[in-house]
Amino acid sequence: EALAGCENMETLTLPASLRKLDFHCLGGCIGLKKITNYATTPQEVFQPFYNDDQLPSITLEVPKGCSAAYKADSWWGRMNIVEME
């Protein structure tokens with residue numbers, strides 16, 4: 001639960017080296033609106049939020065040319081995916 005309860009956090013940047021989002025690491029981050037993810041392939045995800053209701057309201061920014069892989073993912077694909085300029 002590394003960032004759990006950070007209600008006012010609006011943006012999050014994930015480095016390319018990150019391999020997994022684990023159980024409730026983002027639980028309660030209800031203000032999260034944008035995730036910038038530098039990984040070229042989707043990371044493993046194990047229920048990072050308490051529930052996934054907010055996923056459609058989050059913009060996920062991914063490296064250019066990588067959006068198809070994220071859109072095909074059952075978890076990441078539920079976000080609004082855009083590619084970095």
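I began with Asn37 and placed it in strand 3, residues 34-37. Strands here are DSSP runs of E of at least two residues, helices are runs of H or I of at least four residues, and both are numbered from the N terminus. The model is a predicted one, where local features need pLDDT of at least 70, side-chain atom pairs count only at pLDDT 80 or more, and totals for chains, interfaces and linings use all residues. Residues are numbered from 1 along each chain as its sequence is written, and side-chain values use heavy atoms, with hydrogens and water left out.

**Entry 1. Asn37.** I looked up the accessibility and got a relative accessible area of 0% for Asn37, so this residue is buried. The cut-offs are under 20% relative accessible area for buried, over 50% for exposed, and partly exposed in between, with a 1.4 Å probe and protein chains only.

Which polar atoms does the side chain of Asn37 meet? I found the backbone nitrogen of Ala39 at 3.1 Å from a polar atom of that side chain. I also found a polar contact of 3.4 Å between the side chains of Asn37 and Tyr70. A polar contact is a pair of N or O atoms within 3.5 Å; within protein, one must be able to donate a hydrogen and the other to accept it, and residues adjacent in sequence count only if both atoms are side-chain atoms.

I then listed the contacts of Asn37 (heavy atoms within 4.5 Å). Leaving out residues up to four places away in sequence, Asn37 touches Leu14, Gln43, Leu60, Glu61, Val62, Pro63, Tyr70, Trp76 and Met84.

**Entry 2. Aromatic rings.** I searched the whole structure for aromatic pairs and found three. Rings of Phe, Tyr and Trp (its six-membered ring) pair if their centres lie within 6.5 Å; planes under 30 degrees apart count as stacked, over 60 as edge-to-face and the rest as tilted.

How are the rings of Tyr70 and Trp76 arranged? Their centres are 5.7 Å apart and their planes are at 85°, so I noted the pair as edge-to-face. Trp75 and Trp76 also form an edge-to-face pair, with 4.9 Å centre to centre and 85° between the planes. Ring pairs link Phe49, Tyr70, Trp75 and Trp76 into a cluster.

I checked burial for three of these residues. Tyr70 is buried at 0% relative accessibility, Trp76 is buried with a relative accessible area of 0%, and Trp75 counts as buried at 8%.

**Entry 3. Trp76.** I placed Trp76 in the loop between helix 1 and strand 6. A polar atom of the Trp76 side chain lies 3.1 Å from the backbone oxygen of Gln43. Not counting residues up to four places away in sequence, Trp76 touches Leu14, Leu21, Asn37, Pro42, Gln43, Val45, Leu60, Tyr70 and Ile81.

**Entry 4. Cysteines.** How many disulfides are there? My search of the whole structure found zero, taking a disulfide as a pair of cysteine sulfur atoms within 2.5 Å. For Cys25, the nearest cysteine sulfur is that of Cys29, 8.1 Å away. For Cys29, the nearest cysteine sulfur is that of Cys6, 5.1 Å away. Cys25 counts as buried at 12% relative accessibility, and Cys29 counts as buried at 0%.

**Entry 5. Salt bridges.** I searched the whole structure and found three salt bridges. The criterion is a side-chain nitrogen of Lys or Arg within 4 Å of a carboxyl oxygen of Asp or Glu.

Lys20 forms a salt bridge with Asp22, with the closest N and O atoms 3.8 Å apart. I noted Lys20 as partly exposed at 38% and Asp22 as partly exposed at 37%.

Glu61 forms a salt bridge with Lys34, with the closest N and O atoms 3.5 Å apart. This pair links distant parts of the chain, since Glu61 is in strand 5 (residues 59-62) and Lys34 is in strand 3, 27 residues apart. Is Glu61 buried or exposed? Glu61 is buried at 19%, whereas Lys34 is partly exposed at 32%.

Asp52 forms a salt bridge with Arg78, with the closest N and O atoms 3.5 Å apart. Asp52 lies in the loop between strand 4 (44-45) and strand 5, and Arg78 in the loop between helix 1 (67-72) and strand 6 (80-83), so the pair ties together parts 26 residues apart in sequence. I noted Arg78 as partly exposed, with a relative accessible area of 41%.
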